[in-house]
Amino acid sequence: MNPLHRGRGSTSTRVQMRKGAASAPAPLTAQDTPRDGYAEFLRSTLPRQADTVASHRLGQERVWLKKAGPRHGKWGYRVMALFAHALRLDIIKPVPNPGGEAAVAIEARRLRQLGAAGLRVPVVLAQEAGGLLLSDLGQSHATVTVQERIEQAAAAGPAALLAVWREGLEAIAAVHARGAYLSQAFDRNLVQCPDGVIGYIDFEDDPGETLDLVDCQVRDWLSYLHSTAMLVRAAAPQAAGEHWHAMQQTGASEAVRQRIAEASRRMRWLRKLPASRRWGRDTQRVRALARLLGRWYPDRD
């Protein structure tokens, strides 16, 4: 269900969680539903669980227990803040993840808000200051992330890739249509449920605490593009651009469209970043994003 990629558990557990239940998540621990229900299970299991995130089975039900993790280091935030300042782009300023009990409270609040808005998110089954017990989006059936689906579709050709990629765009537009926003709208955090509906995960931070709604929604779009730009640009950039602009016309407000166009202009120089892999995957993704936006929003001067 839940690639909670910002957990601080073991590396193997984080990789398994990132791939979702369809890709062999952490082994389940079969247990009977406790007499006092979910709250008792959380209370008794929380101090005994070693990993930050782990799956368990209560009777026929899969659940996920997520422990409070340590506060994230500030150095990366400072670097990204300087980068955002240089580009004059508030929308890419890092949103601090407080870690610990604060992150637990943020995630619980955001999951309840999005669930109340009719969006497919894990249900908070029980909550303590030190952790959450969450439902499985697949309800004990297999789920798969949009990231996995895009990578699989890429092998089948541009048309297949674009079909899956567009589903991710539609999933983000569905959130915005309800006046809401996500937190980390990367393809790995969009999860296709067994009934075909795409759900949303990873809410340890809240961009709405530092950004207005328009910038939060712009951030969602750019996050999704950032995570998919390399494959899209390599496979079918022109056709993807047609899908993109069509979706923006129907699924984004005028204010959001204007800020995305402005972001594209200010990111122009990032197209010149080195393509070599030795500069790291993130640099390659940023370069691909800037080049993709540059193609979709040509220079006017």
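Because the model is predicted, local features were considered at pLDDT of at least 70 and side-chain atom pairs at pLDDT 80 or more, whereas totals for chains, interfaces and linings use all residues. Residues are numbered from 1 along each chain as its sequence is written, and side-chain values rest on heavy atoms, with hydrogens and water left out.

The secondary structure of the protein chain comprises 10 helices and 8 strands, taken as DSSP runs (H or I of at least four residues for helices, E of at least two for strands) and numbered from the N terminus. Of its 301 residues, 53% are buried, that is, under 20% relative accessible area, as against over 50% for exposed and in between for partly exposed, with a 1.4 Å probe and protein chains only.

The largest nonpolar core contains 55 residues, and those with the most contacts inside it are Trp-165, Tyr-200, Trp-221, Trp-244 and Trp-296; such a core is a set of buried Ala, Val, Leu, Ile, Met, Phe, Trp, Tyr and Cys residues joined through side-chain atoms within 4.5 Å. Helix α6 (residues 158-177) supplies the largest share of this core, 9 residues. Apart from it lies another core, of 8 residues, which includes Leu-42, Leu-46, Leu-65 and Leu-133. When neighbours within four places in sequence are left aside, Trp-296 is in contact (heavy atoms within 4.5 Å) with Trp-165, Leu-225, Pro-237, Ala-240, Gly-241, Trp-244 and His-245.

Helix α7 (residues 213-235) packs against helix α8 (residues 237-251) at an angle of about 155°, with the axes 9 Å apart, the axes being lines fitted to C-alpha atoms over the stretch in contact and the angles running from 0 to 180 degrees between N-to-C directions. The two helices are therefore roughly antiparallel, a description applied to angles over 145 degrees, with those under 35 counted as roughly parallel, 65 to 115 as roughly perpendicular and the rest as oblique. On the α7 side the contact involves Trp-221, Leu-225, Val-232, Arg-233 and Ala-235, and on the α8 side Pro-237, Ala-240, Trp-244, Met-247, Gln-248 and Gly-251.

In helix α4 (residues 100-116), the buried residues include Val-104, Ile-106, Glu-107, Arg-110 and Leu-111, and their cover includes β3 (61-67), β4 (124-128) and β5 (131-135). Gly-118, which follows α4, has a positive phi near 90°.

Ala-50, in the loop between α2 (38-45) and β2 (53-58), is exposed, with a relative accessible area of 76%.
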